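Please keep the sequence and the model open while reading.

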Amino acid sequence: MSELTVTLLRIGYLALLWLLVLSAITVLRRDLYGTRIIDRRRTPAPRAAGPAADAPPAAAEAPARPPRRSRSAGPSRLVVTEGPLRGTTLPLGSSAVLIGRAPSCTLVLDDDYSSSRHARLFPQDDQWFVEDLGSTNGTYVGDQRVEQPTPVPTGTPVRVGQSVLELQR
């Protein structure tokens, strides 16, 4: 082999070695500092005065509310019954609930056994379903692993990592 080929192989090997070191540092940094938790309970900042400020006060103060559900319409909240977030309650609406470690999820789990986008809980035809989003450790309804969207009856435990969730009235 020529000297040029050996030098290029050495530089390529050195570049791969540095790539490995930098990826290891990135993983360690992510483990040390964790994911950023977004506080969604904050109230939005007041709006600046503008053309909308001249609107009548009754229209500005009355926020649009979804129609109220009756008690027999099904579950109204999602409760964490076991795990690091035990006691956390989320009100259920007509939109899906994304569960995982990512800050963009609706229910952010502080759990090493859940994936960043672990599972999705969604309503369809007056019933709630859970769907596993390709998680490593799986999602379970009762003792059955979820392979496809599965209906979740009220009060049935849903295991996501170390956390157990229940739909309640």
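In this predicted model, Val-79 stands opposite Thr-89 in strand S2. That pair belongs to the contact between S1 and S2, which run antiparallel over three bridges. S1 and S2 form a hairpin, with six residues between them. Gly-83 sits in the turn and has a positive phi of about 115 degrees.

**The sheet**

S1 also pairs with S11. Strand S1 spans residues 77–82 and strand S11 spans residues 163–168; their pairing is antiparallel, over five bridges. Arg-77 stands opposite Gln-168 in S11. Leu-78 has Leu-167 as its bridge partner in S11.

How many strands make up the sheet, and in what order? There are six, and they form an open sheet ordered S2-S1-S11-S10-S7-S8, with antiparallel pairing. The edges are strand S2 (89–91) and strand S8 (144–145), each of which pairs on one side only. As a general point, strands of a sheet pair through backbone hydrogen bonds, in either a parallel or an antiparallel sense.

| Residue | Location | Relative accessible area | Contacts beyond four places in sequence |
|---|---|---|---|
| Ser-163 | strand S11 | 1% | Glu-82, Gly-83, Pro-84, Leu-109, Asp-111, Val-158 |
| Ala-102 | loop between S3 and S4 | 12% | Val-108, Ser-116 |

Is Ser-163 buried or exposed? Ser-163 counts as buried because its relative accessible area is 1%, and the cut-off for buried is under 20%. Ser-163 lies in strand S11. Leaving aside neighbours within four places in sequence, its contacts include Glu-82, Gly-83 and Pro-84. Glu-82 falls within the span of S1, residues 77–82. Gly-83 is the turn residue with the positive phi. Ser-163 also touches Leu-109, Asp-111 and Val-158.

Ala-102 is found in a loop, between strand S3 (97–100) and strand S4 (107–108). At 12% relative accessibility, Ala-102 is therefore buried too, again under the 20% limit. Which residues does Ala-102 contact, leaving aside its neighbours within four places in sequence? They are Val-108 and Ser-116. Val-108 falls within the span of S4, residues 107–108. Ala-102 and Ser-114 are twelve residues apart in sequence, and their C-alpha atoms are 9.9 Å apart in space.

How values were computed
Residues are numbered from 1 along each chain as its sequence is written. This is a predicted model: local features need pLDDT of at least 70, side-chain atom pairs count only at pLDDT 80 or more; totals for chains, interfaces and linings use all residues. Side-chain values use heavy atoms; hydrogens and water are left out. Two strands pair if DSSP finds at least two bridges between them. Helices (H or I, at least four residues) and strands (E, at least two) are DSSP runs, numbered from the N terminus. Buried means under 20% relative accessible area, exposed over 50%, partly exposed in between (1.4 Å probe, protein chains only). Contact means heavy atoms within 4.5 Å.
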